[in-house]
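Open the model in a viewer and keep the sequence panel at hand. The stops below go chain by chain.

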Amino acid sequence: MAQHSPEAPIPVEPEIETAHAAEFAGELRRVADALPERINVDARSVEQGLAKLVLTLIELVRRLLEKQAVRRMEGGGLTPKQVEELGLALMKLEEKMRELKGQFGLEDEDLNLDLGPIGKLI
Amino acid sequence: MSLYVYCLGDGLTEAALAGVRGLNDEPARLFGHAGLVAVVSPFGEAPVPVTRAHLLAHNRVNAQALASATPLPFRFGTLTTEERLASYMGARAAGLRAALARVRDCVEMSVKLMRETTAEAPAAPPADAGTAPAGTAFLLAKRRELLGEERERRRAEELAAWLERRTSDLARESEVRVRPSESIVVRAAHLVVRARLADYRERLRALRAERPDLRFLNSGPWPPYSFADADVTASGCE
């Protein structure tokens with residue numbers, strides 16, 4: 001076994017320092033509650049899971065389209081008529097998504113994909 | 001009977017673990033192979049129920065190990081057999097030694113930052129918002145939303161950069177996550193040399209005084225979860 005110099009001993013119990021314990025505890029509990037539970041493979045859960053997956057992907061694309069539309073509007077590359085048509089189309093898409101989420105009993109948080117360094121979807 | 005695995009190291013001794021009880025009050029012991037040692041205890045059921053008692057036991061054993069030598073901690077709930085653990089330790093010995101060298105003589109300290117919630121005045125809609133047709137008004141509202149999100153992201157990134165500047169001389173390595181859309185906007189893990197722990201804690205006290213607009217949650221020392229790769233399950237040992 002490799003020999004190394006002994007490391008400096010430290011106290012066994014970690015310390016927690018904060019002047020805002022209640023706020024942090026509340027936020028960390030909220031994050032923990034949002035974590036998915038163990039996978040349940042009954043038919044209803046599979047259907048719900050598939051709907052969630054599909055709607056999450058649609059939501060991702062929808063939000064990308066919105067951002068792209070805003071960039072194009074800011075860039076001056078669209079006529080007022082095009083801005084209006086694009087805005088109406090995206091508005092209807094947002095409304096349709098709201099309907100679909102409602103049909104499957106999903107909230108925005110259910111589709112809030114964590115994109116790692118980019119942050120969350122919503 | 002499976003083995004519950006807590007951590008792995010090359011400087012751990014039976015004396016350092018004397019008396020510590022793990023999950024289900026089983027005594028923790030060392031399992032040696034390929035010049036490395038894993039801290040284990042017997043565990044009957046799979047999967048490991050996530051209970052307060054089990055989480056505290058997992059932490060208790062790892063904290064005991066950390067007190068004398070920095071181990072590579074395993075995720076909570078790691079179960080395996082002696083054969084699979086030996087196979088894992090043998091096959092990955094070189095990589096595990098490199099990982100141990102990376103964290104040697106260090107501990108992980110955690111910093112979480114939350115901004116004070118202040119009621120910011122919402123961005124004023126543009127002058128023509130009331131007269132714009134529906135589609136255009138929709139895009140103008142989205143633009144305001146995006147500008148707000150970008151502003152929050154910049155602020156969160158500036159905060160992370162400030163924390164990095166003020167701790168980089170005391171942290172061997174850092175792992176930082178920025179989450180502008182959440183209450184806890186910055187989550188940082190610092191790998192701190194044991195001998196500098198008091199200096200690090202003093203620095204954090206100074207940072208708290210420097211930024212009364214922020215809420216700090218500091219904790220540690222922890223085993224280096226954020227800087228370890230000791231994933232037995234990935235190798236098929238579970």
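In which strand of chain B is P221(B) found? Select P221(B) in this predicted model: the residue belongs to strand 9, which covers residues 214-222 of chain B. The peptide bond between G220(B) and P221(B) is cis, with omega at about 5°. Most peptide bonds are trans, and most residues other than glycine have a negative phi.

Two further stops concern phi. Select N24(B), in the loop that runs between helix 1 (14-17) and strand 2 (29-33) of chain B. N24(B) is not a glycine, yet its phi is positive, about 55°. Next take A34(B), in the loop between strand 2 and strand 3 (36-43) of chain B. A34(B), also not a glycine, has a positive phi of about 55°. A34(B) counts as partly exposed because 18 other C-beta atoms lie within 10 Å, and N24(B) is partly exposed with 15 such neighbours inside 10 Å.

Colour chain B by domain: domain 1 spans 2-104 and domain 2 spans 107-222. Their centres, taken over C-alpha atoms, are 35 Å apart. Then select E152(B), in helix 5 (residues 134-167) of chain B. E152(B) has 15 other C-beta atoms within 10 Å, so this residue is partly exposed. Draw a C-alpha to C-alpha distance from E152(B) to A65(B): the two are 41 Å apart in space and 87 residues apart in sequence.

Finish on chain A, which has three helices and one strand, in the order β-α-α-α along the sequence. Of its 122 residues, 9% are buried. Among contacts in chain A between residues at least 6 apart in sequence, 59% link residues at least 24 apart.

Conventions
Residues are numbered from 1 along each chain as its sequence is written. Chains are lettered from A and ligands numbered from 1 in the order in which they are written. This is a predicted model: local features need pLDDT of at least 70, side-chain atom pairs count only at pLDDT 80 or more; totals for chains, interfaces and linings use all residues. Helices (H or I, at least four residues) and strands (E, at least two) are DSSP runs, numbered from the N terminus. A residue is buried if 20 or more other C-beta atoms lie within 10 Å of its own, exposed if 12 or fewer, and partly exposed in between; C-beta atoms are placed from the backbone. Two residues are in contact if their C-beta atoms, placed from the backbone, lie within 7 Å. Domain bounds come from an automatic or database domain assignment.
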